[in-house]
Number of protein chains: 2
Amino acid sequence: MKAELAVVLASGGMDSCVTVAIAAQDYDLALMHVRYGQRTQCRELEAFRNIADHYRVPKDRRLVANIDHLRRIGGSSLTDKSIDIAEADLDREGIPSSYVPFRNANMLSMAVSWAEVIGATRIFIGAVEEDSSGYPDCRREFYDAFNRLIDVGTRPETQIEIVTPLIAMKKSEIVARGIELEAPLHLTWSCYRSEAKACGRCDSCTLRLRGFREAGVEDPIDYE
Amino acid sequence: MKAELAVVLASGGMDSCVTVAIAAQDYDLALMHVRYGQRTQCRELEAFRNIADHYRVPKDRRLVANIDHLRRIGGSSLTDKSIDIAEADLDREGIPSSYVPFRNANMLSMAVSWAEVIGATRIFIGAVEEDSSGYPDCRREFYDAFNRLIDVGTRPETQIEIVTPLIAMKKSEIVARGIELEAPLHLTWSCYRSEAKACGRCDSCTLRLRGFREAGVEDPIDYE
């Protein structure tokens, strides 16, 4: 019997790679990647392709979407080159400069459009609430509200549910789960700043490295 | 005192033109237009620009966003040239072939990102529930759910509310309101099918023409 189909939002980073590995246990995969003008979008796309190849996802189940409004809107160090990528400070309060306003709602809306057309019943996203950078669109209640939106905003016969398997995990647990599922973590890219070697100092690198350290595992990618 | 700022989603059609006129009564305007690969996107953009010029909206308060995923996803006669635009049948049951899956959620997410960066407090959208084509994302409960999503998915200090001034109006009431507010209906474009003269036979033309007829007003645009 053919499995049901799940769309997985895959940035090319570690969290979404582990999310792909989790979804692959129970679903046929359709992988979506969004280029929104982030600094490292070429390197992220390469990571996405390598991960999709690893899981043998057919070409018609891969969607690389191009949107230009988030870059043009700006307001985030990820898309606006006039704002520096901050050195990591995981104890800072408030929302970091890398926050892209309402980004996950943009991506989930895109994923729902695709899921409705291809008949996928789940959308997986590797959002992390517990051990995260503090983005407002990474919280459980945001995904609860989005599921309600899908329920009222799609065809009556459409049944799509957003699944957030990492939401309550610490980074070290994500690393451990990835290794347990043989996720290709060596193919992933997390750095906000660089496309050559990872900088090791931005929020994303720092969270990742701490996760590997606490899991007692060596990070397989190269750092500056 | 400077008025508050509102983002208005403006397709270039009649409904959104009247929505712009309504928003302009109480707010400074920021107009957003989305090119998503719809057949008539060049003509719609021209209408958008003419309407923005009419209301003297400065260039930095206009955002023309380009997204390619809805066209590539397909599933709608508006974006997929292999599906014909149906002749109007306003008594048909179910959801018409012109439905673009979850389109309004995509657009509203984009508008929220922009509103959050420029400090707008309202997002106006000319959705019509009563006298519409029956799209699921034109219903009141969809906008209620979206307001909840904004509440939980943006910065704590962000206050953005979606406003749907046409939601309960009939097309004839929209025409009458537009004329009362001196909205530039002669600059608008509604046809799903053509970019030269409006076809007069698709759902969108038919609803528009019926609205003008019932309002006892002549439609100022040309038809085939």
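This is a predicted model: local features need pLDDT of at least 70, side-chain atom pairs count only at pLDDT 80 or more; totals for chains, interfaces and linings use all residues.
Among contacts in chain A between residues at least 6 apart in sequence, 70% join residues at least 24 apart. Chain A contains seven helices and five strands, and reading along the sequence gives the pattern β-α-β-α-β-α-α-β-α-β-α-α. Chain A is as compact as a globular protein of its length, because its radius of gyration of 17 Å is close to the 17 Å that the globule rule gives for 224 residues. Taken along the principal axes, the box filled by the C-alpha atoms of chain A is roughly 50 × 40 × 30 Å. Of the 224 residues in this chain, 50% count as buried.

Ser77(A) sits in the loop between helix H3 (69-73) and helix H4 (103-118) of chain A. Leaving aside neighbours within four places in sequence, the residues in contact with Ser77(A) are Ile83(A), Asp84(A), Ile85(A), Ala86(A), Ser97(A) and Ser98(A). Leu31(A), by comparison, is 46 residues from Ser77(A) along the chain, and the C-alpha atoms of the two are separated by 26 Å.

Turning to chain B, helix H2 (residues 41-54) has 14 residues. From its first C-alpha to its last, H2(B) reaches 20 Å, close to the 20 Å expected at 1.5 Å a residue. Its buried residues are Gln41(B), Glu44(B), Ala47(B), Phe48(B), Ile51(B) and Ala52(B). These lie on the same side of H2(B), because they cover an arc of only 135 degrees around the axis. What covers the buried residues of H2(B) includes helix H1 (14-26), strand E2 (28-35) and strand E3 (62-66) of chain B. On the face turned away from this buried side, H2(B) carries the exposed residues Cys42(B) and Asp53(B). Just after the helix, Arg56(B) takes a positive phi of about 50 degrees.

The two chains can now be considered together. In all, 36 residues of chain B are in contact with 36 residues of chain A. On the side of chain B that touches chain A, E3, helix H3 (69-73), helix H4 (103-118) and helix H5 (140-153) of chain B each supply at least two residues. Which of these elements gives the most? With nine residues, H4(B) does.

How are the two copies related? Chain B is superposed on chain A by a rotation of 180 degrees with 0.0 Å of shift along its axis, at an RMSD of 0.0 Å. This is the relation of a two-fold axis. Within chain B, the C-alpha nearest the axis belongs to Ile67(B), at 2.3 Å from it. The copies meet through the same surface, because 100% of the interface residues of chain B are also interface residues in chain A.

Methods
Residues are numbered from 1 along each chain as its sequence is written. Chains are lettered from A and ligands numbered from 1 in the order in which they are written. Helices (H or I, at least four residues) and strands (E, at least two) are DSSP runs, numbered from the N terminus. The expected span of a helix is 1.5 Å times one less than its number of residues. A residue is buried if 20 or more other C-beta atoms lie within 10 Å of its own, exposed if 12 or fewer, and partly exposed in between; C-beta atoms are placed from the backbone. The arc is that of the directions from the helix axis to the C-beta atoms. Two residues are in contact if their C-beta atoms, placed from the backbone, lie within 7 Å. Copies are superposed by least squares on the C-alpha atoms of residues with pLDDT of at least 70 in both. The radius of gyration is taken over C-alpha atoms; the globule rule is 2.2 Å times the number of residues to the power 0.38.
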